[in-house]
Amino acid sequence: MSDAPKEYVLVTEYFHPDTASTGQLMTDLAVGLVERGLDLSVYTGQPNYHASDAGRQPHQETHEGVPVKRIRAPQVSQSSLPRRLFNWGVFTVWMVFVLARDRTADRELVFVSNPPVLPPAMWLLCKVKGWEYTYIVYDLYPDVVAASGHIREGGVVYRAWAAVNEHVFADASNVVALGPVMRDHIVEAAGEDFDPETVEVIHNWADGESIRPMEKSDNWFSQEQDLVEPFTLVYSGNIGANHDLETVVEAARSFQDDPVRVLVIGEGDRKEEVVALAERYGLRGDTVRFLPYQDLEALPHTLTSGDISVVSVDAGMKGLCVSCKLYTSLAAGQPVLTIAHPGDDEARLVEAHDAGQVVRQHDVEGVVEAVQRWRRDPDLVDRQGRNAREAFESNYTKEQSVDEYYQLLSEAPRVRVEQPLGGA
């Protein structure tokens, strides 16, 4: 048995310079782990998502001390679900062939649940190669796909996928969940013989150095978009199948004659539907405004350009994912309007820290009442905004989360810190 330290490989579809949330988080994680002394390299693809100006990247390079290898898999623009399915399949198959040629004996793979076909492929590869692996669950499949209506829960595809996933969970050295509710779902989905101790809750994070609370009057983006005076709700991120923005647009009808604005920044499969809804009610352009993704450099200003941050999770997604937008909202130091099931990870976190208000999906009147409460009580806005930033600094910084990953992977002595939400 060799005394050489174990080599780790982070397999991710997205990595710098991709600016998708997964790409940013995986870049932070890789750089942080290498800085802490872990022998880790990254296998990824060419930038494809939110990085159209990045151009083609070298096949091999070093990014902030991290060795990066990019496979040569062909890709198409991710403008539709069929195109994403093509990219997912080609990326996964190509990655399997590349890693299958690796002759390193003592190796551990680290991979996320996106693309959804990647975990079963990496599990099978590791079985053949005798490697260990750590599985980071960003989205719990096949439940997310079923909740989005693409497959039928309990159908043949669902049952086959779920059966394979039981093996993926069972054979993992570590499974990482993003919250305690998600952890419970994983334990349930993994089957009766699964060891719950395999699952560790490690939260995602945001860049708390660049994203900091900022007064609207000092924010050039707020000034540019005429948001300094009106009471403004800001949603920034993917407008996809798992996000309930219709409830916010419906609620905006009650504020057409008031100085209240809703700003939606981003793109996604459901953007056209949300825009059409705003147009139907005559809200677009005044009460509800839509902007495309902004440059990454503008993020500290776009996220703090309003009074309230919006985090929305669609119905049926309880415990299946944890919105990355939650952590940027906390870092921005603004109250969070959380549209989610009251028992979901996002809702429990916000309520535990008194960092905003929680409203169920499709509860239009609940959103109206939440906004009215904030408008009547500026002190509440200030207090919950301070609570949000304090919660972020105490629990959800990049340094804290990367430390937890390092301890998990390096098998260093674990120091469990009791946090709110049942030890999350």
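A salt bridge is taken here as a side-chain nitrogen of Lys or Arg within 4 Å of a carboxyl oxygen of Asp or Glu. The model is predicted, so local features need pLDDT of at least 70 and side-chain atom pairs count only at pLDDT 80 or more, while totals for chains, interfaces and linings use all residues. Residues are numbered from 1 along each chain as its sequence is written, and side-chain values use heavy atoms, with hydrogens and water left out.

The structure holds 18 salt bridges. Burial is assigned from relative accessible area: buried under 20%, exposed over 50%, partly exposed in between (1.4 Å probe, protein chains only). Glu61 and Arg70 form a salt bridge with an N to O distance of 3.1 Å; Arg70 is buried, at 1%, and Glu61 is partly exposed, at 23%. Lys216 and Asp307 meet at 2.8 Å, N to O. This pair links distant parts of the chain, 91 residues apart, with Lys216 in the loop between strand 8 (199–201) and helix 7 (220–224) and Asp307 in the loop between helix 10 (299–302) and strand 12. Lys216 is buried, with a relative accessibility of 9%, and Asp307 is buried at 17%. In the salt bridge between Arg183 and Asp184 the N to O distance is 3.7 Å; Arg183 is partly exposed at 22%, as is Asp184 at 45%. A network of salt bridges links Lys6, Glu108 and Glu132.

Secondary structure elements are DSSP runs numbered from the N terminus, with helices (H or I) of at least four residues and strands (E) of at least two. Two strands are paired if DSSP finds at least two bridges between them. Six strands form an open sheet in the order 11-10-9-12-13-14, with parallel pairing. Strand 11 (288–291) and strand 14 (356–359) are at the edges, each with a single partner strand, so one side of each has no neighbour in the sheet. The twist averages 20 degrees from one strand to the next, where axes are lines fitted to C-alpha atoms, for helices over the stretch in contact, and angles run from 0 to 180 degrees between N-to-C directions.

Strand 9 (residues 231–236) and strand 10 (residues 260–265) run parallel and are joined by six bridges. Thr232 stands opposite Arg261, and Val234 has Leu263 as its bridge partner. Six of the six residues of strand 10 are buried. Val260, Val262 and Val264 cover one side and Arg261, Leu263 and Ile265 the other.

Asp345 belongs to helix 12 (residues 345–352). Asp345 is buried without a salt bridge, and the nearest side chain of opposite charge, Arg348, is 4.8 Å away; Lys and Arg count as positive and Asp and Glu as negative, with His and the chain ends not counted. A polar atom of the Asp345 side chain lies 2.9 Å from the backbone nitrogen of Val181.

Two cis peptide bonds involve proline. The bond from Asn114 to Pro115 has omega near 0 degrees, and Pro115 lies in the loop between strand 5 (107–112) and helix 3 (118–129). The bond joining Tyr141 and Pro142 has omega of about 5 degrees, with Pro142 in the loop between strand 6 (132–136) and helix 4 (143–147). Positive phi values occur at Asp354, near 45 degrees, and at His362, about 70 degrees. Asp354, in the loop between helix 12 and strand 14, is partly exposed at 29%. His362, in the loop between strand 14 and helix 13 (364–376), is exposed at 54%.

Terms used: A polar contact is a pair of N or O atoms within 3.5 Å; within protein, one must be able to donate a hydrogen and the other to accept it, and residues adjacent in sequence count only if both atoms are side-chain atoms.
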